[in-house]
Amino acid sequence: MATAKIMDGKKLAAQLRENFKQRIANLQQNQGLIPGLAVILVGENPASQVYVKNKVLACESVGIHSEKITFDANISEEVLLNKIKELNADPKIHGILVQLPLPPQINENKILAAISINKDVDGFHAENVGLLAQGKPQFISCTPFGVMKMLAAENINVQGLHAVVVGRSNIVGKPMAMLLLNAGATVTVCHSKTQNLHFYTQHADIVIAAVGKANFITADMIKENAVVVDVGINRLENGKLCGDVDFAECSKKAAYISPVPGGVGPMTITMLLENTIISAENSVSK
Ligand code: NAP
């Protein structure tokens, strides 16, 4: 019976952030450039406020310039579009992030499409999604990018392996599947309409869970020595966070498993920082 190696996203994130400080110092010394991220928050959704605060703090921790721009929940689409236009042209800003969800009067797709594809550090613009699908991504959305880094950190070569992604959202499941496919895995994408989900997960060398349901992936659903990556973040009634995977039982069977908290979560913001640095580096190499 295997006892899984823990994929420690918190430790990896800290290592990567040290490396970012060096890249930022190089940009500053050689180009006189400080990477800059603009984070736009519309309304007062408490979860969004926490996410935005954490993003700003993360920028500060490595020396990325950040600007937090807040709007009332009742602003018009036009006001937001004008702000994005301004940021697209601002040379101090290399990444623009609009915190989702947006209020109902604002068309999310229209807003994401307005962000310059060269500053789209979330990788949500349709053109960046298309580039990823073609296997030549410019920006990779942060959570799946973080998962790929975690696999690489464990020297897990996905080529030829069967990866099952549970979840098909635009921000996690779909880009995750594309990245694994581009890396040579055989990929199955499962979702709420999938029949006999067990059959697929039981035949997976790698299971990526991005469902949003606590303890959804149980030990009987995975094969011995599988790699299990838990993207889910769920809050239990007792206030504790847990993932989509039954960690206690699956960790006895898997070869590798990521915990929640301390797994994919810390990697997501770290990849946002990396995308902002990449964007700043690209702005001088173009
Ligand atoms: P989402 O948009 O709600 O997507 C959930 C996906 O799970 C959907 O594709 C849905 O299928 C599928 N699903 C639901 N019930 C299912 C079932 N019974 N069997 C199989 N598939 C099922 O969520 P998301 O934004 O992708 O996020 C997923 C989870 O990851 C959430 O817990 C979220 O909080 C977390 N998350 C974590 C991070 C991080 O940094 N760690 C970042 C983003 C998200 P349908 O498409 O058919 O509805």
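**Entry: the cores**

I started with the largest nonpolar core, which has 53 residues. Those with the most contacts inside this core are Leu37, Ile64, Val147, Leu151, Leu180, Ile208 and Val229. I then looked up which element gives the largest share, and found helix α10, residues 264-285, with nine residues. A reminder to myself: this is a predicted model.

Leaving out residues up to four places away in sequence, Leu151 touches Met7, Ile156, Val158, Leu180, Val227 and Val229. Two of these partners, Leu180 and Val229, I had already noted among the residues with the most contacts inside the core.

**Entry: the ligand**

Next I turned to the ligand. Which residues come nearest? Of the 21 residues around the ligand, they are Arg168, Ser169, Ser192, Ile233 and Thr268. I sorted this shell by class and got nine nonpolar, ten polar and two charged residues. Helix α10 turned up again here, as it gives the most to the shell, with three residues.

A polar side-chain atom of Ser169 lies 2.5 Å from an oxygen atom of the ligand. For Ile233 I found a backbone N or O atom 3.0 Å from a ligand oxygen atom.

**Entry: Glu274**

Back to helix α10, where I looked up Glu274. Is this glutamate buried or exposed? Its relative accessible area is 7%, so Glu274 counts as buried, the cut-off being under 20%. I listed its contacts beyond four places in sequence: Glu274 touches Phe20, Arg23, Phe145 and Lys149.

**Entry: Ser141**

Last, I looked at a loop residue. Where does Ser141 lie? I found Ser141 in the loop between α5 (126-133) and α6 (142-153). With a relative accessible area of 4%, Ser141 is buried too, for the reason that this value falls under 20%. Setting aside neighbours within four places in sequence, I noted that Ser141 is in contact with Asp122, Gly123, Phe124, Ile171 and Pro175.

Technical notes
Residues are numbered from 1 along each chain as its sequence is written. This is a predicted model: local features need pLDDT of at least 70, side-chain atom pairs count only at pLDDT 80 or more; totals for chains, interfaces and linings use all residues. Side-chain values use heavy atoms; hydrogens and water are left out. A nonpolar core is a set of buried Ala, Val, Leu, Ile, Met, Phe, Trp, Tyr and Cys residues joined through side-chain atoms within 4.5 Å. Buried means under 20% relative accessible area, exposed over 50%, partly exposed in between (1.4 Å probe, protein chains only). Helices (H or I, at least four residues) and strands (E, at least two) are DSSP runs, numbered from the N terminus. Contact means heavy atoms within 4.5 Å. A residue is near a molecule or strand if one of its heavy atoms lies within 4 Å of it. A polar contact is a pair of N or O atoms within 3.5 Å; within protein, one must be able to donate a hydrogen and the other to accept it, and residues adjacent in sequence count only if both atoms are side-chain atoms. Ala, Val, Leu, Ile, Met, Phe, Trp, Tyr, Cys and Pro count as nonpolar, Asp, Glu, Lys and Arg as charged, and the others, Gly among them, as polar.
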